[in-house]
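Work through the exercises below with the structure in view. Try each task before reading its solution.

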Amino acid sequence: MATEQAVGDIVKSITDDVLVLVRGEVELAKAELVPSAKKAGIGAGMLGAAGYLAINGLLLLFMAGALGIASLILKLTQASAPGTSAASVTGWVALGFVIMAVILFIIAGILALLGRAALKKIKGPDQTVSEAKTSVESVKHAVNRGNAAAKTPEIDAIVVKDEHKIAKDRAKVVKDEDRLTKDQEILANKTNVPK
């Protein structure tokens, strides 16, 4: 009965360690993905603004074309009186629309390039993926050793204790890495704050 309780305690302790390990992996993933999500939002916002300005530029070009056509029709029909004609005024207005459209296209192009560059800087949670792979390999190794220990009862207790210690050490390392990642994130945010 005493050995069953000891094994039960060990299994409970291993379960708790696995939970700590999983929580550490989730925290690490959050710490890696939050900055990427911010960069993605900024890049998407710039691309949206570029699209909006490009659509406005197209609308201005359509208006300029309409005014230019109106000016052409007025010249052809010579409906205006000599001197300052409505056709020349309309022509200048059309040119103003074209110039404004060109300015908007330049701004839209700059924003599109900045947005694209911001989106290219986004990276995946590489550290989280590698930590998860390492954790999976450790658990597989522990299961294999546990199965081998079950087949040889004389070393069963030694193997289970060793695996328990390894799992605890691994959980502590993940916790420490998570703290380091959060500290690095805080430091990075403090150094990137505009003055």
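This is a predicted model: local features need pLDDT of at least 70, side-chain atom pairs count only at pLDDT 80 or more; totals for chains, interfaces and linings use all residues.

**Exercise 1: Confidence and fold**

Residues are numbered from 1 along each chain as its sequence is written, and side-chain values use heavy atoms, leaving out hydrogens and water.

Task: state how many helices and strands the chain has.

Solution. Step 1: apply the rule that helices (H or I, at least four residues) and strands (E, at least two) are DSSP runs, numbered from the N terminus. Step 2: count four helices and zero strands. Step 3: write the pattern along the sequence, α-α-α-α.

**Exercise 2: The core**

Task: find which residues make up the largest nonpolar core.

Solution. Step 1: look for buried (under 20% relative accessible area, 1.4 Å probe, protein chains only) Ala, Val, Leu, Ile, Met, Phe, Trp, Tyr and Cys residues joined through side-chain atoms within 4.5 Å. Step 2: list the six residues: Ala50, Leu53, Leu60, Ala101, Leu104 and Ala108. Step 3: name the elements giving two or more residues to this core, H1 and H2.

**Exercise 3: Glu25**

Task: decide whether Glu25 is buried or exposed.

Solution. Step 2: Glu25 has a relative accessible area of 11%, so Glu25 is buried. Step 3: beyond four places in sequence, the contacts (heavy atoms within 4.5 Å) of Glu25 include Thr128, Glu131 and Arg170.

Conventions. Buried means under 20% relative accessible area, exposed over 50%, partly exposed in between (1.4 Å probe, protein chains only).
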